[in-house]
Amino acid sequence: MSLRGRDLVGAVFALAVAALFVRLGFWQLARLKERRAQNAIIATRRALPPVELPMHRLEADALRDRRAHAQGLYDYAHERLWTGRTYEGAPGVALLTPLRLSDGSAVFVDRGFASSPDAAHVDAARYREGDTVAVTGLVLPAPRDRGDVNPAALRDSLPFPVLPIVVQLDDTAAPHPAGLRRWRPPTLDNGPHLSYAIQWFCFAMIAVVGTMAVLWRQARRA
């Protein structure tokens, strides 16, 4: 194969790679569009009036990203620690306390973050905040990957049924014990998709321009 033939094969390969980069860029733009649409849905759900717990025929997926209101009795005896959490880079745990509801069931309330050097142990008694309470928070799915706080795993170990959700109190909630930090509501941003798309398009441009420069140089030599 002549040198010119090898150059043409290399150029075809480079242009194919550039086409792949362009395709990846448009894929990231499609993901950006999906994320914006999902954010709009979540924002609409958060703006709806709070759901009153307990509810009959509770559908966890239907309540996700809704705000919920519940009144009941905190059961500190069955409180769980959601270990391995962080807040502004600091290690700690989340305090998940069952709130006993009027129908005999309970829902775990994420009362906030407590600092812990090993992100596993904390003196939970320091952060108690009364017994009979009324709470309003964001409905999140239960942490299914953690058996110690998974409602399905707790079904046989607790003397009451547990709803398959967690109500997370945020920093707009009522005053809380010193050292306990309420969570900020999850932000609705566009993620990295736009920057990734720009990067892929830049890679494609570099491949095309570089290929044209090489072919132009080889043509001048010829």
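**Exercise 1.** State in what order the elements of the protein run from the N terminus on.

*Solution.* Step 1: helices (H or I, at least four residues) and strands (E, at least two) are taken as DSSP runs, numbered from the N terminus. Step 2: the order is then α-β-α-β-β-β-β-β-α-β-β-α. Step 3: this amounts to four helices and eight strands.

The model is a predicted one, in which local features need pLDDT of at least 70, side-chain atom pairs count only at pLDDT 80 or more, and totals for chains, interfaces and linings use all residues. Residues are numbered from 1 along each chain as its sequence is written, and side-chain values use heavy atoms, with hydrogens and water left out.

**Exercise 2.** Determine which residues of the largest nonpolar core touch the most other members.

*Solution.* Step 1: a nonpolar core is a set of buried Ala, Val, Leu, Ile, Met, Phe, Trp, Tyr and Cys residues joined through side-chain atoms within 4.5 Å. Buried means under 20% relative accessible area, exposed over 50%, and partly exposed in between (1.4 Å probe, protein chains only). Step 2: the largest such core has 19 residues, of which Leu53, Tyr74, Leu99, Leu101, Val107, Val135 and Ile165 touch the most other members. Step 3: α2, β2 (67-74), β5, β6 and β7 (162-168) each supply at least two residues of this core. Step 4: apart from this core lies another, of 13 residues, including Ala94, Leu96, Phe108 and Phe160.

**Exercise 3.** Compare the span of helix α4 with the expected one, and list which of its residues are buried.

*Solution.* Step 1: the expected span is 1.5 Å times one less than the number of residues. Step 2: α4 covers residues 193-221, 29 residues in total, and 42 Å are expected. Step 3: from first to last C-alpha α4 reaches 42 Å, close to that expectation. Step 4: the buried residues of α4 are His193, Ala197, Ala204, Ala207, Thr211 and Gln218. An α-helix has 3.6 residues a turn, so residues three or four places apart point the same way.

**Exercise 4.** Describe the backbone at Pro54, Glu88 and Ala119.

*Solution.* Step 1: most residues other than glycine have a negative phi, and most peptide bonds are trans. Step 2: a cis peptide bond, with omega about 5°, joins Leu53 to Pro54; Pro54 is in the loop between β1 (51-52) and α2 (60-63). Step 3: Glu88, in the loop between β3 (80-87) and β4 (90-100), has a positive phi of about 50°. Glu88 is exposed, at a relative accessible area of 59%. Step 4: Ala119 has a positive phi near 55° and lies in the loop between β5 (106-115) and β6 (132-141). Ala119 counts as buried, at 14% relative accessibility.
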